[in-house]
Amino acid sequence: MESETSVSAYFPSLLTMPFARISSVDVDVSGRQNDKDDMKRSSPIRTKRKLKLQGGFPLSHWELVAVTSIFVLSFAVLVSIYFTMPNLSDGFFRFPRSLAELRLMKSHLSAYSEDYTAQVLLGFIAVYIFMQTFMIPGTIFFSLLAGALFGEYRGLILVVFSATAGASSCFFLSKLFGRPIVTWLWPEKIRFFQSQVAKHRGTLLNYMLFLRITPSLPNTFINLASPIVDVPYYIFFVATFFGLIPASFLTVRAGLTLGELESLGDLYDIRTVTLLFVVGLLFIIPTLMRRPKQIPL
């Protein structure tokens with residue numbers, strides 16, 4: 001793809017980053033732990049529970065209970081919103097898994113949203129934030145639905161607000177419990193991300209905007225990894241809010257012609273991806289052109 005070629009010079013390792021588990025990095029073939037000094041030099045991400053990460057699930061019992069409790073409580077809020085919506089028939093609010101199911105959902109909600117706009121907005125925002133917080137795939141369907149139900153500009157505002165709120169919730173949840181999970185799932189990728197954040201510390205907002213606008217890194221990984229590599233929340237928030245606008249606009253606008261959309265692949269063809277990279281490069285190029293300060297002799 002042209003988009004991958006255009007970014008490979010700036011992120012040479014990003015597109016080929018392996019997803020090996022941390023056990024393959026920190027333990028040799030015989031199962032013995034490598035020398036601690038070598039590990040400290042090779043890994044910028046260090047946790048207090050490396051031995052535990054090698055053996056099994058990285059969260060302790062109380063952490064697992066806490067995360068599960070937050071999930072159950074959040075799901076209970078969704079259920080309570082659902083059952084308080086008036087005159088709601090079965091099948092109105094289901095997680096669509098295909099464009100056909102999304103079209104059916106849209107046909108159900110079109111007339112209903114005219115009479116109960118506030119309730120539909122509340123339900124939409126709650127579902128979107130829930131899915132973003134707990135990294136449940138499928139928010140692209142709701143972005144299309146926002147355009148189909150509320151139009152181009154109101155739908156865009158709704159999606160960007162919901163996506164930013166959900167990403168923020170994921171950020172703080174990861175800040176509390178995410179470090180062992182992220183280093184367990186993506187040890188090499190998190191090391192590379194931390195090195196890039198440290199490298200662009202002086203222009204971190206530009207770098208984060210580039211990542212948000214372009215499909216260089218999955219948004220889920222950015223949400224989870226940002227607090228782990230010490231990205232300040234205010235930079236994360238600004239980059240998320242403004243960086244999601246281009247892709248969200250394209251998706252919401254596609255929702256206006258939902259009946260003509262044949263597949264999700266039509267949303268991000270090579271032309272669209274290239275356009276997103278061009279927009280993202282507008283933010284990162286000024287940082288690349290900055291000359292390092294000369295150290296006086």
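Start by selecting helix H5 (61–83) and helix H9 (152–185): each supplies at least two residues of the lining of the second largest pocket. Helices here are DSSP runs (H or I, at least four residues; strands are E, at least two), numbered from the N terminus. A pocket is found on a 1 Å grid over the protein atoms alone, as an open set of points where a 1.4 Å probe fits, with protein on both sides within 12 Å along at least five of seven lines; lining residues have an atom within 4 Å of a point.

Before you click on: this is a predicted model, where local features need pLDDT of at least 70 and side-chain atom pairs count only at pLDDT 80 or more, while totals for chains, interfaces and linings use all residues. Residues are numbered from 1 along each chain as its sequence is written, and side-chain values use heavy atoms, with hydrogens and water left out.

**Stop one: the second largest pocket**

H9 gives the largest share of this lining, 8 residues. The volume is about 300 Å³ (the space filled by probe spheres set on the grid points, which are joined across faces, edges and corners). Now select Leu59, Val67, Met135, Leu173 and Ile181, the closest to the centre among the 16 lining residues. By class, the lining has 13 nonpolar, 3 polar and no charged residues. Ala, Val, Leu, Ile, Met, Phe, Trp, Tyr, Cys and Pro count as nonpolar, Asp, Glu, Lys and Arg as charged, and the others, Gly among them, as polar.

**Stop two: the largest pocket**

Which residues lie nearest the centre of the largest pocket? Select Thr139, Ile140, Asn219, Leu244 and Tyr268, and you have them, out of 29 lining residues. About 760 Å³ of space lies in here. Helices H7, H8, H9, H11, H12 and H14 each supply at least two residues of the lining. The lining divides into 18 nonpolar, 10 polar and 1 charged.

**Stop three: H8 against H14**

Two packed helices are described by the angle between their axes and the distance between the axes. Axes are lines fitted to C-alpha atoms, for helices over the stretch in contact, and angles run from 0 to 180 degrees between N-to-C directions. Show H8 (139–150) and H14 (245–255): they pack at about 60 degrees, with axes 6 Å apart. That makes H8 oblique to H14 (under 35 degrees is roughly parallel, over 145 roughly antiparallel, 65 to 115 roughly perpendicular and the rest oblique). Pick out Ile140, Ser143, Leu144, Gly147 and Ala148 of H8, plus Thr251, Val252, Ala254 and Gly255 of H14, which make the contact (heavy atoms within 4.5 Å).

**Stop four: H9 against H14**

Select Glu152, Gly155, Leu156, Val159 and Val160 of H9, with Ile245, Ser248, Phe249, Val252 and Arg253 of H14, to see the contact.

**Last stop: H8 against H9**

The H8 and H9 axes come within 7 Å and cross at roughly 145 degrees. On the H8 side, select Ser143, Ala146 and Phe150; on the H9 side, Glu152, Arg154, Gly155, Leu158 and Val159.
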